[in-house]
Amino acid sequence: MINLTIDNRVLFGFILVVAIFNFILFISMVKHRVKYRRLFKSYDNFMAGKSAKNLEDVIILLRKDIRSLKSESRLNRDAIRELNILERNCLQKIGILKYDAFEGMGGKLSFALCLLDYRNSGYIINSIHSRETTFNYIKIVENGQTDQVLTDEEKIVLEQALGYRER
């Protein structure tokens, strides 16, 4: 016959380890139970007064809404692209200068006006006022350049429109 004797300290240590292990399992179980209760409560709130048929209708409506939103988003994106294309062709950069074309005339009745689009292409309009008549000239600007000789006033308004000079 075998005689097994266990020291009380070893037995106490073993029981302590088992108790700590059980305590950890208990804490873990409580955490999971709290999560389960929250999930169950959310589920009950969601399902309150609904049948399977009602849930199917809700899901179908949500899918239709999502399709509608995707379609609307696509249309909005296309409209924004069109607006960007149109905006690039609009005259949006401006330079203007009033001046006296002839000495002693006074009143600064002559003016030069530069209108450019996104690509720095557009027109320079120069209106020269004298006592007898007014002369109007237009010069075409392509990519910030023109083939024709510019007056000092026209150079100023072109630089204003290009952003190289303040008004």
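E2 (110-116) and E3 (122-129) pair in the antiparallel sense over 6 bridges, two strands being taken as paired if DSSP finds at least two bridges between them. Residues are numbered from 1 along each chain as its sequence is written, and side-chain values use heavy atoms, with hydrogens and water left out. Because the model is predicted, local features need pLDDT of at least 70 and side-chain atom pairs count only at pLDDT 80 or more, whereas totals for chains, interfaces and linings use all residues.

The open sheet is formed by 4 strands in the order E1-E2-E3-E4, with antiparallel pairing. E1 and E4 stand at the edges with a single partner strand each, so one side of each is left without a neighbour in the sheet. From one strand to the next, the twist averages 10 degrees. Helix H3 packs on this sheet, touching E1, E2, E3 and E4, and its direction makes about 150 degrees with that of E1; axes are lines fitted to C-alpha atoms, for helices over the stretch in contact, and angles run from 0 to 180 degrees between N-to-C directions.

In H3, which spans residues 152-162, the buried residues are Glu154, Val157, Leu158, Gln160, Ala161 and Leu162 (buried means under 20% relative accessible area, exposed over 50% and partly exposed in between, with a 1.4 Å probe and protein chains only). These buried residues pack against strands E1 (93-99), E2, E3 and E4 (134-141), contact meaning heavy atoms within 4.5 Å. Gly163, whose phi is positive, near 90 degrees, follows the helix.

The loop between E2 and E3 contains Ser121, which is buried with a relative accessible area of 12%. Not counting residues up to four places away in sequence, Ser121 touches Leu91, Leu115, Leu116, Val141, Glu142 and Asn143. A polar atom of the Ser121 side chain lies 3.0 Å from the backbone nitrogen of Asn143.

With a disulfide defined as a pair of cysteine sulfur atoms within 2.5 Å, the count comes to 0 disulfides. Cys90 is in no disulfide, the nearest cysteine sulfur, that of Cys114, being 16 Å away, a separation too far for a bond. Cys90 counts as partly exposed at 41% relative accessibility, whereas Cys114, at 0%, counts as buried.

Terms used: Helix = DSSP H or I, 4+ residues; strand = E, 2+ residues; numbered from the N terminus. Polar contact = N/O pair within 3.5 Å; in protein donor to acceptor, adjacent residues only side chain to side chain.
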